[in-house]
Amino acid sequence: MEQKSEKIKVIFFENGPIEVVGPVEISGQYGEKSTTQTLHFCRCGHSENKPYCDGSHRAAGFKG
């Protein structure tokens, strides 16, 4: 029986982050791995938690 894989959605929010929704596996440079359902990636460059969004785009007035 063929296993159906879930689709991953990528959404670009106006003046905000990139949202990735699906089952997402994250692999680090030292081999560590984790799985999550939703990620938000920073586009403004102001996040203190890069590459992830921490909401800093609001205070920075990011337009993009």
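1. Let's start with E32, which sits in the loop between β2 and β3. Bear in mind that we are looking at a predicted model. E32 comes out as partly exposed, with a relative accessible area of 42%. Setting aside neighbours within four places in sequence, E32 is in contact with I26 and S27.

2. Side chains of opposite charge can pair when their charged atoms come close. Both partners, K33 and E25, are exposed.

3. V24 belongs to strand β2. Is V24 buried or exposed? It counts as buried, because its relative accessibility is 12% and the cut-off for buried is under 20%. Not counting residues up to four places away in sequence, V24 touches S34, T35, T36 and L39. Take S34 from that list: V24 and S34 are 10 residues apart in sequence, and their C-alpha atoms are 8.4 Å apart in space.

4. Now for the backbone, where two spots deserve a look. Most residues other than glycine have a negative phi, and most peptide bonds are trans. N15 has a positive phi of about 60° although it is not a glycine. You will find N15 in the loop between β1 (9-12) and β2 (18-27). At 25% relative accessibility, N15 counts as partly exposed.

5. The other spot is a peptide bond. Going from K50 to P51, the bond is cis, with omega near 10°. P51 is placed in the loop between β3 (33-41) and α1.

6. Which residues does H57 contact, leaving aside its neighbours within four places in sequence? The list is N15, G16, P17, C44 and F62. H57 itself is in helix α1 (residues 56-60). It is buried, with a relative accessible area of 10%.

7. Stepping back to the overall fold, the protein chain has one helix and three strands. From the N terminus on, the order is β-β-β-α. The radius of gyration is 14 Å, well over the 11 Å that the globule rule gives for 64 residues, so the chain is more spread out than a compact globule. Along the principal axes, the C-alpha atoms fill a box of roughly 50 × 30 × 10 Å.

8. A few whole-chain totals to finish. Buried residues make up 20% of the 64 residues; V24 and H57 are among the buried ones. The accessible surface comes to about 5,100 Å², and 51% of it belongs to carbon and sulfur atoms. Among contacts between residues at least 6 apart in sequence, 22% join residues at least 24 apart. As for charge, the protein chain has 8 positive and 8 negative charges, and their mean positions are 6 Å apart.

Conventions:
Residues are numbered from 1 along each chain as its sequence is written. This is a predicted model: local features need pLDDT of at least 70, side-chain atom pairs count only at pLDDT 80 or more; totals for chains, interfaces and linings use all residues. Side-chain values use heavy atoms; hydrogens and water are left out. Helices (H or I, at least four residues) and strands (E, at least two) are DSSP runs, numbered from the N terminus. The radius of gyration is taken over C-alpha atoms; the globule rule is 2.2 Å times the number of residues to the power 0.38. Buried means under 20% relative accessible area, exposed over 50%, partly exposed in between (1.4 Å probe, protein chains only). Contact means heavy atoms within 4.5 Å. Accessible areas come from the Shrake-Rupley method with a 1.4 Å probe; for residues, only the protein chains shown count as cover. Lys and Arg count as positive and Asp and Glu as negative; His and the chain ends are not counted. The place of a charge is taken as NZ of Lys, CZ of Arg, CG of Asp or CD of Glu.
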